[in-house]
Amino acid sequence: MASQPEHREAAFQTPTLSVLICTRNRPDKLKRAVDSVLSNSFTDFELIVVDQSTDEKSKELLATLGDRRLQYFPTNTIGLSISRNIAVRCSRAEIVVYTDDDCVCDREWLGSIDAEFAADPTVQAVYGRVIPYGQHEGMICPCINESTRRLVLEGPAVPSLALGGGNNMAFRKTVFRKVGLFIESLGAGTRLNHAEDTEFSYRVLWNRSKVVYSPVPLVQHDKWMDGLQFADLMKGAVRGLTLVFLSYALRLDRFAFVQLLRIGYHVACNRMAIGSVSVGLWYFAEGLALGPIYRMKRPSRFVGCGRHGIRCQSSERRNSD
């Protein structure tokens with residue numbers, strides 16, 4: 001990690017990309033993810049790790065790396081959305097790149113993301129391909145997108161199908177200035193535990209930002225579940241998708257309304273891998289109850305202010321109040 005003199009020197013050199021990783025109590029996987037980022041052939045980046053861990057293990061492992069590009073920010077907050085918001089506020093580059101602590105990034109990952117943005121200044125977001133890490137017989141790896149077909153979107157789509165999730169996505173900061181930050185009551189670490197990336201990605205698409213899915217920026221996802229664990233994941237996914245699409249259907253978004261009907265149909269036909277129609281309908285009904293609430297929610301604004309460290313600290317205070 002950067003020493004204080006190196007930290008101050010780096011503050012005068014704005015990198016092309018800021019890579020953002022949020023973590024909590026997964027030191028070994030985090031170290032592997034950080035190593036894969038630092039090994040990229042593209043080198044003009046800073047790597048920001050926001051650590052919500054309850055111990056010092058992640059900090060101790062990262063301290064052995066000695067790479068000035070690595071910036072470490074511990075926080076006593078809880079929640080992935082809060083952590084992602086802290087990370088983007090801490091960043092210095094005008095393009096931010098998110099991956100997760102349980103991912104392994106390809107050596108050309110950052111170079112291919114930079115190339116997409118450089119090729120078209122009107123592109124506001126780039127999502128990349130996510131494949132499973134290794135093989136585990138009888139297990140399921142969620143949150144992947146193995147499509148090899150490039151897409152360019154400038155309007156509503158189902159984020160999980162067209163783009164993937166939050167473990168391989170990059171944005172110009174103009175996106176955050178236009179649509180706001182992640183909604184902090186959604187995502188891992190909250191009661192709902194899901195849907196922060198779906199909601200944010202759909203918000204970006206709904207605002208007609210130009211979004212590219214490219215199969216070239218590649219990461220591997222090391223998260224494996226058995227059938228029961230995956231069914232639990234899908235319960236929350238149904239609730240999350242329902243509340244997101246209902247919140248936009250209430251904005252008279254026809255695409256969201258059609259998707260809401262499709263979710264209800266698939267739940268009623270037991271096609272959502274939950275294993276029970278009644279349980280699926282319960283989570284669908286929860287999403288319907290929450291949709292009007294999230295129709296009225298306003299995400300926090302992104303305001304870049306102050307020096308690198310001060311900006312980070314102030315965001316943490318705002319999110320912990």
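Okay, first the ground rules. It's a predicted model, so local features need pLDDT of at least 70 and side-chain atom pairs count only at pLDDT 80 or more, while totals for chains, interfaces and linings use all residues. Residues are numbered from 1 along each chain as its sequence is written, and side-chain values use heavy atoms, with hydrogens and water left out.

Helices (H or I, at least four residues) and strands (E, at least two) are DSSP runs, numbered from the N terminus.

Let's start with strand β2, residues 45-51. So, how many of its residues are buried? The count is 7 of the 7, so β2 is largely enclosed by the rest of the structure. Buried, by the way, means under 20% relative accessible area, exposed is over 50%, and partly exposed sits in between, using a 1.4 Å probe and protein chains only. In a regular strand the side chains alternate between the two faces of the sheet. Here, F45, L47, V49 and D51 are on one side of β2, E46, I48 and V50 are on the other, and all are buried.

Who sits beside β2? Two strands pair if DSSP finds at least two bridges between them. Strand β1, residues 17-23, runs parallel to β2 and is joined to it by 7 bridges. Strand β3, residues 70-74, also runs parallel to β2, with 5 bridges. L47 is a handy landmark: it's the bridge partner of V19, and over in β3 its partner is L70.

β1, helix α2 (residues 27-38) and β2 form a right-handed β-α-β unit. Right-handed here means that, with the strands pointing away from the viewer, the path from the first strand over the helix to the second runs clockwise. β2, helix α3 (residues 57-62) and β3 make a right-handed unit as well.

Next, helix α4, residues 80-90. Here 11 of the 11 residues are buried, so α4 is largely enclosed by the rest of the structure. The buried residues include R84, N85 and R89.

Moving on to strand β9, residues 211-221, which is mostly covered, with 9 of its 11 residues buried. Which strands pair with β9 in the antiparallel sense? One is β5, residues 103-105, over 3 bridges, where C103 stands opposite H221. Another is β7, residues 151-153, also over 3 bridges, with V152 partnered by V212. β6, residues 125-132, pairs with β9 in the parallel sense over 8 bridges, and Y127 has Y213 as its bridge partner.

Last bit: helix packing. Axes are lines fitted to C-alpha atoms, for helices over the stretch in contact, and angles run from 0 to 180 degrees between N-to-C directions. The axes of α8 (residues 196-206) and α9 (residues 227-249) come within 10 Å and cross at roughly 25°. That makes α8 roughly parallel to α9. For the labels, under 35 degrees is roughly parallel, over 145 roughly antiparallel, 65 to 115 roughly perpendicular, and the rest oblique. Contact means heavy atoms within 4.5 Å, and among the α8 residues meeting α9 are Y202 and W206.

The axes of α9 and α10 (residues 254-268) come within 8 Å and cross at roughly 150°. That makes α9 roughly antiparallel to α10. The contact includes F245 and Y248 of α9, plus F257 and L260 of α10.
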